[in-house]
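Please read the following note alongside the sequence and the three-dimensional view.

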Amino acid sequence: THYIYSFGDGKAEGNASEKNLLGGKGANLAEMAILGLPVPAGFTISTECCNDYFRAGGSLPENLYQELDQAMAGIERHMGKKFGDPENPLLVSCRSGARRSMPGMMETVLNVGLCTKTIPGLIKQTDNEWFVYDAYRRLIMMYSDVVMEKAEGIEPSDGMGIRLHLEMMLNDLKNDRGYETDTEITPSEMKELCEKFKRKIRENIGVEFPDTPREQLLGSIGAVFKSWNGKRAISYRRIEHIPDGWGTAVNVQSMVFGNMGKDSATGVAFTRDPASGANVFYGEWLPNAQGEDVVAGIRTPNPLNNSNKSDHNHHLLSLQEVMPGIYDELFNIRTILEKHYRDMQDIEFTIEQGNLYMLQCRVGKRTGAAALNMAMDMFEEGMIDEATMITRLDPKQLDEMLHPIVDPDAEKSATVLVNGLPAGPGGAFGQIVFNSEDAVHWKRTGKKVILVRDETNPEDIEGMRAAQGILTARGGMTSHAALVARGWGKCCIVGAGALKIKYDKKELHIGTRVYKEGDFLTLNGTKGVVYEGKIGMKDATANPRFKKFMSIADQYRTMKVRTNAETPRDAAQALEFGAEGIGLFRTEHMFYGADSDHPLFLLRKMILSKTRHEREIALNELFPFVKQEIKRTLEVMDGKPVNFRLLDPPLHEFVPHGLENQENLSKELGIDIEEIEKRCESLMESNPMMGHRGVRLGITFPEITQMQIKAIFEASAELIKEGKSPVPEIMIPVTCNEKELIFTKKIALKIYDQVLKAFDLDNIDHKFGTMIEIPRAALVADKMAEHAQFFSFGTNDLTQMTFGFSRDDIGGFMNEYIDHAILDADPFATLDQEAVGSLIEISVKKGRQTRPDIKLGICGEHGGDPESIEFCHRTGLTYVSCSPYRVPIARLAAAQAAI
Ligand code: ADP
Ligand code: MG
Ligand code: MG
């Protein structure tokens, strides 16, 4: 094997397609060299070498050295300089670069090769002593930090890294002399500073700063490899799901200097505006500086051209004004790169004494709005085809575009109070309240509120609905509150551990700050940040371009997209977003958030009934309300399927908690309080999610099933009489064998016949099926399918039952599971394809054996997750179903899966 691939002077051994081997930076440097762009000569040491380095316990492979010498000789020939030469020394950079860009997460060392022996020669060559010592002090700062401290695993005893010490010394010098900028430092002061730096390193680390170019080079290469396993890099990989086994490449490249005087500069640019997507060249530059000054944000850069000027930087000179010739050259490169890569590029450049050099290019990161605009522009410009256009918008980014957001400009100057998990995207401000009733009440008086709770439970639903935003101290991304909030497109931050809520005083304590009921807070649910006071919002409503984009995407899609909704309002919202039906109507939800408390009261009455007779009376009272709710949603969804899931949760979830509530019920029911307490208690279960719930309720209390099915068919019959075309589907939850279906279906058929007769109809278009959410049911799907016209994979419960993880309790361990890489991702957010996915595949195969035309859908949270949607497409599902605000995401993800 060989490890090294050279580039420079119009030629390269690698190219852009070899990112796995060369890393993104190396592959693109090679590609730019081939394109004839001015890339300083260099070479890439492959990611394979990185893996061999770690395999060897952290030492460079023996057979690297000879290749390295040859490659260095190659650069020397190109540049007409020699590494370590006292007369005309070559300097290089050692740069990290992984397969996927991990901006700023790994290390880079610049100016490698400067030492006592080479400094005089470089001063003579450049006639610029300041520049040489500026370069040297940069080398010392980076090298001591990256190679001598971090790579050696040295924990500074005073908790302060060496780099910080040196930076303080540099600042002290400037303060002492009253200098504003580095360029005011005299060459001899800079030289003296370098000597002081080296003494400080000796003191703190106990090792001499290496004074031979070769030692510096080998040290840097090893340290860059090691930075693959640095703290930042590891955390970033966890978040981005980048495998540990990829490794980084090292790019050794001859240095070009942006800090050689007024005719030198460095900068970063995007070939189009990454925020808006506008087709303008956008960037920043700094005169007389090295690249990291711009990237690290230590100086305020100047605008690249005049169209980049705005209120805050209009007084700064643009590159276009200062070096018009170079600017034109750069603009020309912009055109070449865009034509070649057919996508927006993010580039790094440096100007050394009037000569332009390209140091990096990669596909640029962009906002959702920019991604949309660029994709459509490039399609219209003929740069990309339609299918490519569809793949250019990351479905996850759609979130940003569908919710109002905190005005980013105003956000910059706001006070951050606390961070939590970004559970529901978008922004919201409002007055804080501490319980659900207050939220509802304040909302009615026209106020905007933020509901602040330790955690939320189903009884808070109305308050959550009424609030602009929800903030909780506990809970995770898949907690109840998060799930519901996302479903409604509501801004929500959960698990903000620093919140201390004093319910009795109606106060919120965050550190030493105290907020009272009615105080304003602002939430950025996209980032999980809470601010003090009221910050303005920006409307990000769908634009016509977005609509057009989506309608093109729809032409590529083969799966249908439905929504999970149970109110006419959510159904209408989902239709607006392009839903093609309802995949999950959770019957129990109609009792929360209803206009009056009466239905919930009736439900409680039914639940607390002791005899069948009592229960039937309560069900009869409940019936008109249930039918009405079902009818309203069927009406909105006219002509499209609506999947009604029969009552699912364990009954005690609806039982009134707290003495006061129980007393009320006792009064209204005319049953004494002891009896109420006894009945409530008898409903308690030690494991309710695996207890008396779902189809089991319908088996012990068939009259509950009867009432619901009658409501569904009568509502449909009435709509048919009104000239509508309802398409109800009846779904039985939590089944584990086919006999449960047979039992329930018998009830359904009897009622169906009764309703047909009563309404004098021949037929009501409908389907009967089941959720597959218990592994047993998945494994006997062939038998289930004999009695079910459709399966809907309830992947929340299926995940819960497959892992044996209680969905509501993962907060206690999930973070550690991710941190230790025991799991790659939270399986409740991203479908576990390995096991849960296998169960789905088995069900699909077996289900089709007995019923070839079976309809297959998914209705868990995963139905709105792009990766999981891709899996659903591959597995051959008929549709996915997700919350209304995720419908566009699912449409796009389904289209991309089909491309
Ligand atoms: P990152 O991946 O963190 O951006 P880079 O490897 O791109 O790290 O390097 C950091 C900075 O140093 C960049 O601004 C880059 O332009 C600059 N740089 C890297 N190599 C050279 C070089 N050979 N000559 C001049 N500047 C360089
Ligand atoms: Mg870079
Ligand atoms: Mg379920």
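1. Basis of the model. This is a predicted model, in which local features need pLDDT of at least 70 and side-chain atom pairs count only at pLDDT 80 or more, while totals for chains, interfaces and linings use all residues. Residues are numbered from 1 along each chain as its sequence is written, and chains are lettered from A and ligands numbered from 1 in the order in which they are written.

2. Confidence. The protein chain has a mean pLDDT of 91, and 97% of its residues reach 70 or more; pLDDT is the predictor's confidence in each residue, from 0 to 100. The scores of the model are ipTM 0.96 and pTM 0.80. Where pLDDT is low, the predicted coordinates should not be read in detail.

3. Overall form. The protein chain has 899 residues, of which 50% count as buried (20 or more other C-beta atoms within 10 Å of the residue's own; exposed means 12 or fewer, partly exposed in between; C-beta atoms are placed from the backbone). Its C-alpha trace spans about 105 × 60 × 50 Å along the principal axes. There are 35 helices and 34 strands, which are DSSP runs numbered from the N terminus (helices H or I, at least four residues; strands E, at least two).

4. Domains. The domain assignment gives domain 1 (4–254), domain 2 (265–366), domain 3 (404–538) and domain 4 (557–650 + 685–898); such bounds come from an automatic or database assignment. The centres of domain 1 and domain 4, taken over C-alpha atoms, are separated by 58 Å.

5. The ligand. The shell holds 17 residues, the closest being Ser93, Arg95, Thr108, Gly291 and Glu348; a residue is near the ligand if its C-beta atom, placed from the backbone, lies within 6 Å of it. Elements supplying at least two shell residues each include β6 (92–98) and β12 (345–352).

6. Glycine 24. This residue lies in helix α1 (residues 19–34). Glycine 24 counts as buried because it has 21 C-beta neighbours inside 10 Å. Leaving aside neighbours within four places in sequence, its contacts (C-beta atoms, placed from the backbone, within 7 Å) are Lys19, Gly97, Ala98, Arg99, Arg100, Ser101 and Arg362.

7. Glycine 489. The loop between α19 (480–488) and β20 (491–494) holds glycine 489. Is glycine 489 buried or exposed? It is buried, because 22 other C-beta atoms lie within 10 Å. Beyond its neighbours within four places in sequence, glycine 489 is in contact with residues including Leu402, His403 and Tyr885. Glycine 489 and serine 609 are 120 residues apart in sequence and 37 Å apart in space, C-alpha to C-alpha.

8. An unreviewed UniProt entry places the feature "active site" at His480 and Cys859; UniProt annotations may be inferred rather than shown by experiment. In the model, cysteine 859 sits in the loop between β33 (855–858) and α34 (866–875). Cysteine 859 is buried, with 28 other C-beta atoms within 10 Å. Among its contacts, leaving aside neighbours within four places in sequence, are Asn564, Gly583 and Ser881.

Terms used
Contact = placed C-beta atoms within 7 Å.
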